[in-house]
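Hi,

Here is the structure I promised to pass on. Have a look at it first, and then read my notes below.

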Amino acid sequence: MVQPSSLPLGVRSVEWLRTHHMNWLVDNVEHVYYTWKTPAKGGPELKTLPVVGVRPIAAPRAVAAQSPPRIQPVFAQRLPGEGVWRGTGPIVAGRPPVLVTTFRTETDYPRVVAYVAWFDHTRTSFAWYPGRYEPPNAPVRGPIQVPYGQRWRLLATFNGGFIYLDGHNGSSINGVGYEPLQRGLATIIGYRDGRVDIRSWSGGPTAGAGIAFARQSLPLILDHGALSPALNDSSQWGFTLGNAVRVWRTGAGVDRHGNIIYAAADYQTVTTLARILQRAGAVRAMELDINPEWPTLITYTHDGQLTPTKVVPNYQQSAWRYLVADDRDFFAVYRRIPGAVTVPFK
């Protein structure tokens, strides 16, 4: 607890308990707390939604054809801007490569909002970076923040998945094993040719030469466009991860064109998170980190200086989270440049 950390003392204390044989205690306390905090169904509907992004998508047909379709609302009466994609950051090849939107998630909980991002696979490249302590056995940690030499092309950052202790989630960077990759776990894979995919891992413990990075986090929650039948099995998702507990959850999916989708929302079960990603267009998806400390989606502008903007309103994390050293691993989204994709540490 007295080691260098990016976390406040309260969160750091809980993390220390988790890693010192008391994960069971934290799980039990969280289960009781989040069950007690579950919001009542119903209540007044929202009149407006949080505004995210800096500009609506341009109207020309050529631009609209290359953008994701507007997310269909859950509610019969759409709020202004609901499910409408808005651009963020710099324009690349005539249009924004990162789009964001918000929408309400369930008619039973009319005040709950999902925050969603879409990353164009043709104009972005992804990298995954270890944090100060996660994954625990990283042979090389690198900068534990966005490398200074890459910030000129930085478009977005978002949180990684469950810590290794919670799921034995494997990982690999540039052909080096960080934690052994496990068959059957959902894996976000960055290929050297620039493609990014989310699949159930079927390879060996270390990613091959054609893969820049691989990061796992529990089994797939969405496959072939359908929810996994295993979502009804609470034991597969851990004690506090079962369907009865509503907490902040984050996830990542891939659409049928190969674009990556990120989603975060409060008061979600693993099933409702899968539905959010499905509604946003994902055909395969995985759960990332959960609980209110961790959801982080940040976009960046480059108007004379690098300026971060929080899309997910997490008061426990700064907009500068991944521009300084952080304890947890994370994903960075860059403007695509020619050549093979690697995870740059400088």
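M1 counts as partly exposed because its relative accessibility is 40% (buried means under 20% relative accessible area, exposed over 50%, and partly exposed in between, with a 1.4 Å probe and protein chains only). You'll find M1 in the segment before helix 1 (9-18). Helices (H or I, at least four residues) and strands (E, at least two) are DSSP runs, numbered from the N terminus.

Before you go further: this is a predicted model, where local features need pLDDT of at least 70 and side-chain atom pairs count only at pLDDT 80 or more, while totals for chains, interfaces and linings use all residues. Residues are numbered from 1 along each chain as its sequence is written, and side-chain values use heavy atoms, with hydrogens and water left out.

Back to M1. Together with V2 and W16, M1 forms a nonpolar patch on the surface, and the three have about 320 Å² of accessible area together. Patches are made of residues with over 30% relative accessible area and no salt bridge, with like charges joined within 9 Å and nonpolar side chains (Val, Leu, Ile, Met, Phe, Trp, Tyr) within 5 Å. A salt bridge is a side-chain nitrogen of Lys or Arg within 4 Å of a carboxyl oxygen of Asp or Glu, and accessible areas come from the Shrake-Rupley method with a 1.4 Å probe, counting only the protein chains shown as cover for residues.

Five strands make an open sheet in the order 5-19-6-17-18, with antiparallel pairing. Strand 5 (124-129) and strand 18 (307-310) are the edge strands, each pairing on one side only. Two strands pair if DSSP finds at least two bridges between them; strand 6 (residues 154-159) and strand 19 (residues 330-335) have five, in the antiparallel sense. In that pairing, A156 stands opposite V333 of strand 19.

L154 is in strand 6 too, and L154 counts as buried because its relative accessible area is 0%. The C-alpha atoms of L154 and Y334 are separated by 4.6 Å, although the two are 180 residues apart along the chain.

Finally, the rings. The whole structure has 10 aromatic pairs (ring centres of Phe, Tyr and Trp, the last by its six-membered ring, within 6.5 Å; planes under 30 degrees apart are stacked, over 60 edge-to-face, the rest tilted). F158 and F331 are a stacked pair, 5.0 Å centre to centre with 25° between the planes. F158 lies in strand 6 and F331 in strand 19, so the pair ties together parts 173 residues apart in sequence. Both are buried.

Cheers
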